[in-house]
Amino acid sequence: MKKEKVELKSTYNVPNLERGLSIIELLATQPKGLTLAEIIEKLSIAKSSAFRIVSTLIFKNYLQKNETTKKITLSRKMLTLGISSMNEQSLVEHSIDVMRAVRDELKESVMLGVLLGSTGTILEQVPSSYPVKLFVEPGTQFDLHSSVGGKCILANIPSEEADEALRGKTLTKYTENTITSKKEFKAMLKEVKSKGYAIDNSEDIQGINCVGAPIFNEHGYPVAALWITAPYGRLPASQFESKGKIIQKYAMKISTKLGYLTQSL
């Protein structure tokens, strides 16, 4: 049996693929990066093979190279792939007690959502303690341009990733407040990042307002958003800033559970 395993390995392994994966695994342990010479030394890979493999990974945007320091690091694309494989149930488990605390303090329905490709998806909710409340089934999708969840995440990912998520999409007008200009929307995202929270001023559903903040993982990448939603009478524009700061505080608690440190960004 042992001999059969050795034969399978020698028959089906792809040496350059193995070397490429070894380079990725090595760089995952080196947040400040390594030069090509350092990679070659640490992995004992032939210079010509290492050069071709690294060049291919850079071309495909899995690695990035600082032309000043010559250091090679994992790209945001690699980080995104890791995020897409994150166990969603684990994220909910880390968030649910904080979501309940938000509901207890603000009394409104609390949502947890993530970005999947070019749309958003609600993972979990905690209903409002008021008799009149907005109920949304987990798994419900939301548009990025008109939602708090979409704004929170898009504002904090690299601009090229935000552009990719919006490429080819029409910013549909749902209410008179919906932003339909991509130029205006991108300007608003800069404001969201600066403030640390986002708002939906009846932009998705007339009469329904939302305020939310991003949730970051240990790499400082926005993996989700936390927000409250309520009728505009209970959540008027005059309360956006105060409620935004409260939500930001709770979102940071979840981020901390995920290993986020302020200096990660």
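# Helices, faces and burial

Q: How many disulfides does the count come to?
A: A disulfide is a pair of cysteine sulfur atoms within 2.5 Å. By this rule the count is zero.

Q: What kind of model is this?
A: Residues are numbered from 1 along each chain as its sequence is written, and side-chain values use heavy atoms, leaving out hydrogens and water. Local features need pLDDT of at least 70, side-chain atom pairs count only at pLDDT 80 or more, totals for chains, interfaces and linings use all residues, and the model is predicted.

Q: Is Cys152 buried or exposed?
A: Buried means under 20% relative accessible area, exposed over 50%, and partly exposed in between (1.4 Å probe, protein chains only). Cys152 has 0% relative accessibility, so Cys152 counts as buried.

Q: What share of the chain do buried residues make up?
A: The chain has 265 residues. Cys210, at 8% relative accessibility, is one that counts as buried. Buried residues make up 43%.

Q: How many helices and strands does the chain have?
A: Helices (H or I, at least four residues) and strands (E, at least two) are DSSP runs, numbered from the N terminus. The secondary structure comes to ten helices and eight strands.

Q: How far apart are the end C-alpha atoms of helix H9?
A: The expected span of a helix is 1.5 Å times one less than its number of residues. H9 covers residues 182-195, so its 14 residues should span 20 Å. The end C-alpha atoms agree with that, at 20 Å.

Q: Within what arc do the buried residues of H9 fall?
A: Those residues are Phe185, Met188, Leu189 and Val192. The arc is that of the directions from the helix axis to the C-beta atoms. The buried residues of H9 line one face of the helix, because they fall within an arc of 110°.

Q: Which strand is included in what covers the buried residues of H9?
A: On the other side of H9, Lys183, Lys190 and Ser194 are exposed. The cover over the buried residues includes helix H7 (148-154), helix H8 (159-166) and strand S6 (198-201). The strand is S6.

Q: Which residue with positive phi follows H4?
A: H4 spans residues 47-59. After H4 comes a residue with phi near 70°. That residue is Asn61.

Q: What arc do the buried residues of H4 cover?
A: Ser49, Ala50, Ile53, Val54 and Leu57 are the buried residues of H4. They sit on the same side of H4, because around the axis they cover an arc of only 120°.

Q: Which residues of H4 are exposed on the other side?
A: What covers the buried residues of H4 includes H2, H3, strand S1 (63-65) and S2. On the other side of H4, the exposed residues are Lys47, Phe51 and Phe59.

Q: How is H2 oriented relative to H3?
A: Axes are lines fitted to C-alpha atoms, for helices over the stretch in contact, and angles run from 0 to 180 degrees between N-to-C directions. H2 (residues 15-28) and H3 (residues 36-43) pack at about 105°, with axes 11 Å apart. Angles under 35 degrees count as roughly parallel, over 145 as roughly antiparallel, 65 to 115 as roughly perpendicular and the rest as oblique. H2 and H3 are therefore roughly perpendicular.

Q: Which residues does Ser75 contact, leaving aside neighbours within four places in sequence?
A: Ser75 lies in the loop between strand S2 (72-74) and helix H5 (76-84). Its relative accessible area is 9%, so Ser75 is buried. Contact means heavy atoms within 4.5 Å. Beyond those neighbours, Ser75 contacts Asn61, Tyr62, Leu63 and Gln64.
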